[in-house]
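Hi,

Here is the structure I promised to send over. Have a look at it first, and then read on for what turned up.

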Amino acid sequence: MTTISFTVNGRSAEVAARGDTPLLDVLRNHLGLTGTRFGCGVEQCGACMVLVDGVPRKSCGTSLSTVAGKCVMTIEGLGTPSNPHPLQQAFIEMQAGQCGYCLSGILISAKALLDRNPAPTRADIVATLDGNICRCGTHHRILRAVACAAMRMRGQERA
Ligand code: FES
Ligand code: FES
């Protein structure tokens, strides 16, 4: 057992746990941030995606000790119901989800893409989301929603 300090969604966090505890467990069970989903648990589905210092990481395969001193962002840090991120707004408008289980991971992956590439091609979006599985098959709407959010964030209207 050790105590690890890091930042989550702009707030300081201090967690006493084994250093090899998966970050996903820490977020959900120690910090109550249940927006990050447990899907496969073996780094195959992307449901648990978070940003660590701005880089997408599957939190089921990221140990607590590796985020010491780093900045973690979860879906709870992306937007709020009253002030959604443009990605969230576009997903809502385009009904880009069915059960919604995959969406927090997909939104986090999409945010990382738009942060580094504000004008992604469809191929860029597809490649980025390749590691995020949606069992409901809403991929086409998801791709459209990400493209729409990117255009709006660039100050352009949706085509
Ligand atoms: S739960 Fe982490 S990749 Fe599936
Ligand atoms: S909306 Fe159900 S898994 Fe993606």
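Let's start with the sheet: 5 strands make an open, mixed sheet, in the order β2-β1-β5-β3-β4. The edges are taken by β2 (11-17) and β4 (55-58), each with a single partner strand, so one side of each has no neighbour in the sheet. From one strand to the next, the twist averages 40 degrees.

Before the details, a word on where this comes from. It is a predicted model, in which local features need pLDDT of at least 70 and side-chain atom pairs count only at pLDDT 80 or more, while totals for chains, interfaces and linings use all residues. Residues are numbered from 1 along each chain as its sequence is written, and chains are lettered from A and ligands numbered from 1 in the order in which they are written.

Helices (H or I, at least four residues) and strands (E, at least two) are DSSP runs, numbered from the N terminus. Two strands count as paired if DSSP finds at least two bridges between them. Angles run from 0 to 180 degrees between N-to-C directions, and axes are lines fitted to C-alpha atoms, for helices over the stretch in contact.

Now the strands, pair by pair. β1 and β2 run antiparallel and are joined by 7 bridges. Within that pair, threonine 2 has alanine 17 of β2 as its bridge partner, and phenylalanine 6 has alanine 13. The hairpin of β1 and β2 has 2 residues between the strands, and asparagine 9 takes a positive phi near 50 degrees there.

On β5 (residues 71-73), the pairing with β1 (residues 2-8) is parallel, over 2 bridges. Threonine 7 is bridged to cysteine 71 in β5. β5 also pairs with β3, in the antiparallel sense and over 2 bridges; here methionine 73 of β5 is the bridge partner of leucine 51.

Leucine 51 also stands opposite proline 56 in β4. β3 and β4 are antiparallel, with 4 bridges, and they form a hairpin with 2 residues between them, where aspartate 53 in the turn has a positive phi of about 50 degrees.

What are the domains? The chain is divided into domain 1 (2-77) and domain 2 (86-153), with bounds that come from an automatic or database domain assignment. Their centres, taken over C-alpha atoms, are 21 Å apart. The contact takes 13 residues from domain 1 and 12 residues from domain 2, where contact means C-beta atoms, placed from the backbone, within 7 Å. On the domain 1 side, strand β3 (residues 49-52) gives the most, with 3 residues. That side divides into 8 nonpolar, 4 polar and 1 charged. (Nonpolar is Ala, Val, Leu, Ile, Met, Phe, Trp, Tyr, Cys and Pro; charged is Asp, Glu, Lys and Arg; the others, Gly among them, are polar.)

Helix α3 (residues 103-116) lies across β3 and β4, running at about 35 degrees to β3.

Last, the helix packing. Helix α2 (residues 86-93) packs on helix α5 (residues 139-153) at about 135 degrees, with the axes 8 Å apart. That makes α2 oblique to α5; for the cut-offs, under 35 degrees is roughly parallel, over 145 roughly antiparallel, 65 to 115 roughly perpendicular and the rest oblique. On the α2 side the contact is made by Pro86, Leu87, Ala90 and Phe91, and on the α5 side by Ala145, Val146, Cys148, Ala149, Arg152 and Met153. By class, that gives 9 nonpolar, no polar and 1 charged.

α2 also packs with α3, at an angle of about 130 degrees and with the axes 10 Å apart, and these two are therefore oblique to each other. The crossing of α2 and α3 is right-handed. Here Leu87, Gln88 and Phe91 of α2 meet Leu103, Leu107, Ala110 and Lys111 of α3, a contact with 5 nonpolar, 1 polar and 1 charged residues.

Cheers

Terms used:
Contact = placed C-beta atoms within 7 Å. Left-handed = near helix turned anticlockwise from the far one by under 90°.
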